[in-house]
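Please work through the following exercises with the sequence and the 3D model side by side. Each exercise sets a task and is followed by a solution in steps.

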Amino acid sequence: MSGSEWTCRLSSMHEWESPYYEPSLPVSEKSNPLTRDIDRASAGCIVRMLQACDSQMFLEEAGATYQRLMSDEVVETLMEVAKKVELILKDPRDSLVVLSGCGTSGRLAFLVTSAFNRALKELNQSPVYSYIIAGGDKALFSSQEAPEDDPKLGMLSLKEVCEGKKCVLFIGISCGLSAPFVAGQLDLCLQNPEVYTPVLVGFNPTHQARDEPIPGCSFTFRSVVQRMEELAKSQKAFLINPAVGPEAISGSSRMKGGSATKILLEVVLSAAHAAAFTHTPITQQGILQHMRVYEKTLEIPYAHNEGLSALLEAAGKSLQRGRRVCYLGWGSLGVLGLIDASECVPTFGADYEDVRGFISGGYNELKNNEGPLGPDFRISHEDFLHLVLPSLDDHDMVLLIYTQTDDVGDVEKLARRVREKTSNLHAVYHRVDGDTAATQWELCTKLFLNALSTGAHVLKGKIYQNHMMDLQVTNSKLYCRATRLLQNLSGRPESKCEEALLKAVYKVDNLTVEITSSDISTHTHTARTRTKVVPLALVCLLTGCSLAEAELRLEQQPIVRDAVEACLS
């Protein structure tokens, strides 16, 4: 991409805010004007595009359509929630702060609660934080998306965690204000105000909250949000929902949505801890100052654009050759490696073995609620040495992720073992620099790994323009996303797009009455064992060919955009 074209792209920073830009889509589902041709970009250009998208998180509010991370209203709400946490920290008896979410949101709930419970332990304080993730701890490392559609499961899990508690601050995270699992939990809080104070974190304006009926429930996500807005006037509920702009890869909320979630939660809990244990008052200036630190942190991974571009290209080549990328991490950075790897399967239709994460100490380091999760979830460095290392060669990429505070001797020892099998070994290393906090290392690492895995899958041909084409259609959110995507790319009516999607899910050229009369949960259950559902449906829509012919075309040309354009030529 030439300099003039890139300048043109950067001039599109605010384009998504226009009321005429993809008006039917909520912010979190819009495509980002900055990345329209990311599937045709070089590794270096992909990195610049991702940097530009990430910088949208901290755009100023002046003249903006939506409130931002540092808008007055957002900062004031963060202060009030921090004060609620402070009260619990000062008197933790029968009290709890619960963080809950689905997919990436749930994984970050786990990461943040682990860090702040650790901080309490260092102060000889009892832990007050608990996490919930839809699908249980297996969802920390794999796609468990069906539970996201179950509000009753959400309620039940919250009741179990809070049994016997008299004061609970519940923070439900749903980037798109859409997850039924979280809606059920918020509804439970609203029904029991004497125990629960609900907080919702997401990145769409409230009028864009999902309004589709939830099977078996009398509420929608939007109706829950509307009840919370009413209670927010008296500070009995709180909404934290700044817009951070569309994702670089449309709908991939693991990226900006995940980063902004981490920032907001850590700002709130850090302010509360400072107030409770060092008598530092919670102020607007303090919150903004902490936000500015994160804004500066955003620059760090992209200050090494050349190195990141080279790593991205190396990872892309490994995936193109059908080989793998492995993250070997220590401490919380190792957890981020596990998280990033787990997200590649549902986002890109990747194989579980394509990108794998491993952490020093395994489950002993992780300290998750359910402990070791069985043979399908082996996550320690020892597991890597026994199960993966023997089959590696120079086409596989291995990335070490550590800090100056980790056992460098242990890192060197592992590196020597890896070098015996592959020269394709790299490292991301954080030095302790002044007041740099672990949370900053974590955000840097998250941004770096997100860029690496996203760019590698773009180079492999898993993206069409800037859309996830090979996403798994395994819950109602993804089913709706897939239908909208087919509409957007084919220009066909919604009914025709849904029809093509169902044919690809059920692998039939003619839909039966049994299929068309089934509900979405039946369709998404069937789709769990299917691959290339959306690409197949799109090729069928554009060409009118049979499924067998579409499969043949995609075998001949696995890069989705090239396959589609071949159909149209």
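How many helices and strands does the secondary structure of the protein chain come to? The secondary structure comes to 23 helices and 11 strands, where helices (H or I, at least four residues) and strands (E, at least two) are DSSP runs numbered from the N terminus. The radius of gyration of the chain is 23 Å, close to the 25 Å that the globule rule gives for 569 residues, so the chain is as compact as a globular protein of that length. That radius is taken over C-alpha atoms, and the globule rule is 2.2 Å times the number of residues to the power 0.38.

Before going on, note that this is a predicted model, in which local features need pLDDT of at least 70 and side-chain atom pairs count only at pLDDT 80 or more, while totals for chains, interfaces and linings use all residues. Residues are numbered from 1 along each chain as its sequence is written, and side-chain values use heavy atoms, with hydrogens and water left out.

**Exercise 1. Describe the chain as a whole.**

Step one is the extent: along its principal axes the C-alpha trace spans about 70 × 60 × 50 Å. Step two is burial, where buried means under 20% relative accessible area, exposed over 50%, and partly exposed in between (1.4 Å probe, protein chains only); buried residues make up 59% of the 569 residues. Step three turns to contacts, meaning heavy atoms within 4.5 Å: among contacts between residues at least 6 apart in sequence, 75% join residues at least 24 apart. Step four is charge, with Lys and Arg counted as positive and Asp and Glu as negative, while His and the chain ends are not counted. There are 56 positive and 70 negative side chains, and the centres of the two sets lie 1 Å apart, the place of a charge being NZ of Lys, CZ of Arg, CG of Asp or CD of Glu.

**Exercise 2. Follow valine 201 to its contacts, and then look at serine 174.**

Valine 201 is part of strand β4 and, at 1% relative accessibility, counts as buried. Apart from neighbours within four places in sequence, its contacts are Ile171, Gly172, Ile173, Ser174, Cys175, Ile240 and Leu264. Serine 174, found in the loop between β3 and α6, is buried at 4% relative accessibility. With neighbours up to four places away left aside, serine 174 is in contact with residues including Leu200, Val201 and Phe221.

**Exercise 3. Decide whether glutamine 56 and glycine 216 are buried or exposed.**

Glutamine 56 sits in the loop between α2 (43-55) and α3 (72-90), and its relative accessible area of 0% makes it buried. Among the residues it touches, not counting those up to four places away in sequence, are Met13, Trp16, Val244 and Lys256. Glycine 216 lies in the loop between β4 (196-201) and α7 (221-232), and at 64% relative accessibility it counts as exposed.

**Exercise 4. Locate leucine 177 and glutamate 22, and state their phi values.**

Most residues other than glycine have a negative phi. Leucine 177, in the loop between β3 (167-173) and α6 (180-191), has a positive phi of about 50 degrees and is buried, with a relative accessible area of 0%. Glutamate 22, in the loop between α1 (3-10) and α2, likewise has a positive phi, near 40 degrees.
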